[in-house]
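Here are my notes for you, as promised. Have the structure open while you read, and take the points one at a time.

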Amino acid sequence: MRKTFVLAAIAAFTLVGSAFAQDATPPGEKPVDPYTPSPANAGAAPLTDPAAFQAFHGKEGLTRIAGDLVDRSIADPRIKDIFATTDVPRLKRTLAEQFCYVLGGGCVYSGRDMAAVHKDMGVTNRDFNALVENLQWAMDKEGVPFAVQGKLLAKLAPMQRKVVER
């Protein structure tokens with residue numbers, strides 16, 4: 001009797017564990033190779049000025065900015081090929097998380113580090129600059145003041161060394 005109970009408990013625990021493993025991929029996103037999540041993966045320490053996060057209209061504003069940035073970049077003939085195989089829902093979600101984390105919004109960045117994400121993508125300085133232009137357009141559309149845009153861009157700019165490959 002006791003042996004049966006232990007086996008049933010192990011089987012139930014295994015099924016629950018499998019369900020959690022499957023739940024690790026948010027709905028609408030593709031599974032990714034395993035990696036170690038870390039705040040360091042965001043590529044910058046968070047700002048300590050809460051006014052900057054509020055100027056981006058909080059998490060909702062950052063979600064809109066990340067969505068507009070990705071949509072505009074996919075349609076941008078200069079860089080659209082880079083996004084040809086991208087998991088768009090995941091990219092939008094992790095970008096919003098990264099921006100929120102870097103702006104001190106208290107979000108957890110769950111994505112991979114910048115070098116791993118961009119490995120073998122062949123990103124050039126020209127591509128990086130086009131993406132920054134698209135980010136500025138998305139921030140303008142959201143009504144983020146220019147001076148506050150500069151605070152986010154200053155945090156993201158050092159990542160260029162990890163993203164650009166040629």
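**Notes on the model**

1. Let's start with contacts across the chain. If you take the contacts in the protein chain between residues at least 6 apart in sequence, 76% of them join residues at least 24 apart. Keep in mind as you read that this is a predicted model.

2. Next, the overall make-up. The protein chain has eight helices and zero strands. Read from the N terminus on, its elements go α-α-α-α-α-α-α-α, so you can trace them in that order according to the DSSP runs, which are numbered from the N terminus.

3. Now for the surface and the inside. The protein chain has 166 residues, and 36% of them count as buried.

4. Have a look at isoleucine 79. Where does isoleucine 79 lie? You'll find isoleucine 79 in the loop between helix H3 (58–75) and helix H4 (88–102). Is isoleucine 79 buried or exposed? Its relative accessibility is 3%, and the cut-off for buried is under 20%, so isoleucine 79 counts as buried.

5. Stay with that residue and check what is around it. Setting aside neighbours within four places in sequence, isoleucine 79 is in contact with Ser73, Asp127, Ala130, Leu131 and Asn134. Take alanine 130 from that list: isoleucine 79 and alanine 130 are 51 residues apart along the chain, yet 7.2 Å separates their C-alpha atoms.

6. On to the cysteines. How many disulfides are there? The count comes to one disulfide, and the partners are cysteine 100 and cysteine 107, with an S to S distance of 1.9 Å. That pair qualifies because the two sulfur atoms need to be within 2.5 Å. The torsion about the S-S bond of cysteine 100 and cysteine 107 is about 65°, so this disulfide is right-handed.

7. Last, the rings. How many aromatic pairs turn up in a search of the whole structure? The search finds zero aromatic pairs. One ring does have a charge over it, though: the charged end of arginine 72 sits over the ring of tryptophan 137, at 4.0 Å from the ring's centre.

Definitions and conventions: Residues are numbered from 1 along each chain as its sequence is written. This is a predicted model: local features need pLDDT of at least 70, side-chain atom pairs count only at pLDDT 80 or more; totals for chains, interfaces and linings use all residues. Side-chain values use heavy atoms; hydrogens and water are left out. Helices (H or I, at least four residues) and strands (E, at least two) are DSSP runs, numbered from the N terminus. Buried means under 20% relative accessible area, exposed over 50%, partly exposed in between (1.4 Å probe, protein chains only). Contact means heavy atoms within 4.5 Å. Rings of Phe, Tyr and Trp (its six-membered ring) pair if their centres lie within 6.5 Å; planes under 30 degrees apart count as stacked, over 60 as edge-to-face and the rest as tilted. A charge sits over a ring if NZ of Lys or CZ of Arg is within 6 Å of the ring centre and within 35 degrees of the ring normal.
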